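This report looks at one protein chain.

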Amino acid sequence: MDALELSFRYTTRSVGKVRPMLSRHVHWIRYLSSSSSRRASRSKKSISTMAELSGPVNTSTRLTALRQLMAQKEHDVQAFVIPSEDQHSSEYLADCDKRRAFISGFSGSAGCAVVTSKDAFLFTDGRYFLQAAKQLDQNWKLMKQGLPDVPTWQEFLSKNLEPSTRIGIDPTLISASNADTILKDLEPKGSTLVPIEKNLIDAVWSDRPPRPHNPVIHLDEKYAGQSVGHKIRALREELAKKKYQAFVVNMLDEVAWLFNLRGSDIEYNPVFFSYAVVTVDSVNLFVEETQLDKDVLTHLGEAVNIHPYGAFFDYLKTLPSVLTLDEEAGKYTIAPSPIADLKSVKNATELEGFRQSHIRDGVALARYFAWLEEQLNDGVEVTESQGADKLEAFRSELPLFRGLSFDTISSAGPNAAIIHYKPDPTDCAVIKKDQHFGNPTDEEKRAFTRVLQGHIAMDTAIFPSGTTGYIIDSWARRPLWQDGLDYRHGTGHGVGHYLNVHEGPHGLGKLTQIQAYNSTPLKAGMTVSNEPGYYADGRFGIRIESIVLVRSVDTPNNFGDKGYLGFEVVTMCPIHKKLIDVNLLSVDERKWLNAYHAQTWEKLAPLLKNDERALKWLEIETSPL
């Protein structure tokens, strides 16, 4: 074995969760993965992203305290904006940065709170409508973004607030481009954004947790596939093309990728609090040095200058003089990160890591579903939370396991309709035998089959180079649209390599969901999820999800000399045939399903020889239609 790879794992193949085998939800995990000697040459958005459905929190006292601060002379604001993100625009947050969750009681990953002198508004997208409705108390109005006549929170500030409103915001939690757009929209009404240096939520959050600074580890090149020097050179080449003298790295996963480092400052995300500034002749990393052991310091070497994390903004003030910038040329440009593009195209080592880790995770899933079936047949009561814990236990027994990348989505019955659901161990549903292995209704089977057809359509897609995820998103929705069905989330998102579960800039989604999906072409070497679904509020939910690698494909012709792309599926988990209305499938769709199951059996069966129960389960589930 001459190579080791590391990758994230995401599946969530399921029918939702109306019946956990009406629900094959499998989830992201991280593995350091061993591979064969062959290296391949080709090739997703909470307090957590999950919804742990505790009841509403009484926010009256918190809102009163906040409004008192807003009214103080030193602030004098009539509205205050509380975004979800931290100072690094992170999707997942450390506990100390969960300000919006603290003030509102809503724990979903996506959303923004706007508190005025009299009212409080929570804006979120369709993934979290049900969760927010359950978690918000009487003080809040839920703004369902994406529905007709519902503004975004940015639009709300200019369209719904009174003229001449002073709107407070922590300037470190909003992008400069976003702030510029809002300011232009506010100007006609005489309103303005007011930067508030000390976040007002921190002032009313008496037991706010401290910021974590956990140990950082070095990710060896045998896992990363490229050296730090190689990545720095690639970044500088991108800067030279645009005649930039320096680049500021503020996204945590980009810092981790650039330096081949990983951390644990944010749960489920192997990142650490840091910034970096790369110039034409220096590399500067801003991180608490107490987090770096001898191995990490040796890895970084003398070429990387280490600064305290808290010194970042003061350093930026000195940067123009350090670079001797021409005053007339302007000092900075806001532009898409070149690191995001470099990171999104995986190298051969990373791609093989995705393949191998998903094979091993398929073993854990087979063992889990075989165990669950046996438990329920024996009359053992298993809750959603216990099921999630057991699945994690099977995964943790695998070589090079590095933990989950978010809470396992384990849901039964009506909870399945909550798109990102996390069971509360103290109060969650029981997985019942008639739900998990019973006879699905005609409605459930038809909906599941439509989702499966969308999944197959995306998996078999072939498209010219230069195509964006926005262009092909509808291919997964077309079978659902035939029945008047749809889903309120994107069809797919990029996946980090031992990094964040959601990774841009590419993805599969409607233009109204993520603008970047229409401006970032898919490229060979990218990873993306394929996850159409359907959710019947209060009754059941369905999502069939796999991770695929974007790869070059040979076609009989090559119109325009563009080259053509397709997908390689790496997720290995059977699709429950009992949920399929076979009469709806075309001949080609049946062939696809049988071929996929044959591939799953071929790759997993040799690794299950010592688990007769799981091997028997896999044989049944992968048998041809």
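A residue counts as buried when its relative accessible area is under 20%. The model discussed here is predicted.

**A buried lysine**

By that cut-off Lys343 is buried, because its relative accessible area is 3%. Lys343 sits in helix H12, which covers residues 338–344. Neighbours within four places in sequence are set aside here; beyond them, Lys343 touches Asp253, Glu254, Trp257, Leu499 and Glu503.

**The chain as a whole**

The chain has 625 residues, and 57% of them count as buried. The secondary structure amounts to 19 helices and 27 strands.

**A six-stranded sheet**

Six strands form an open sheet with mixed pairing. Their order is S7-S6-S5-S4-S8-S9. Strands S7 (141–144) and S9 (192–195) stand at the edges; each has a single partner strand, so one side of each lacks a neighbour in the sheet. Neighbouring strands are turned by 25° against each other on average, direction ignored.

S4 (residues 79–83) and S5 (residues 112–116) run antiparallel and are joined by five bridges. Within this pair, Val81 is opposite Val114 of S5.

Two helices accompany the strands. Helix H1 packs on the sheet, where it touches S4, S5 and strand S6 (120–124). Helix H5 lies across strand S8 (166–169) and S9. Their directions against the strands are listed below.

| Helix | Residues | Strand | Angle |
|---|---|---|---|
| H1 | residues 60–71 | S5 | about 65° |
| H5 | residues 176–186 | S9 | about 135° |

**A helix pair**

Two packed helices are described by the angle between their axes and the distance between the axes. How do H18 and H19 run relative to each other? The axes of helix H18 (residues 587–604) and helix H19 (residues 612–621) cross at roughly 160°. Angles over 145 degrees count as roughly antiparallel. H18 and H19 are therefore roughly antiparallel to each other. Their axes come within 9 Å. The crossing of H18 past H19 is left-handed.

Which residues make the contact? H18 contributes His597, Thr600, Trp601 and Leu604. H19 contributes Leu615, Leu618, Glu619 and Glu621.

Definitions and conventions
Residues numbered from 1 in each chain as written. Predicted model: local features only at pLDDT ≥ 70, side-chain atom pairs only at ≥ 80, totals over all residues. Heavy atoms only, no water. Pairing = 2+ DSSP bridges. Helix = DSSP H or I, 4+ residues; strand = E, 2+ residues; numbered from the N terminus. Axes fitted to C-alpha atoms, helices over the stretch in contact; angles between N-to-C directions. Contact = heavy atoms within 4.5 Å. Buried < 20%, exposed > 50% of the residue type's maximum accessible area, 1.4 Å probe, protein only. Parallel < 35°, antiparallel > 145°, perpendicular 65-115°, else oblique. Left-handed = near helix turned anticlockwise from the far one by under 90°.
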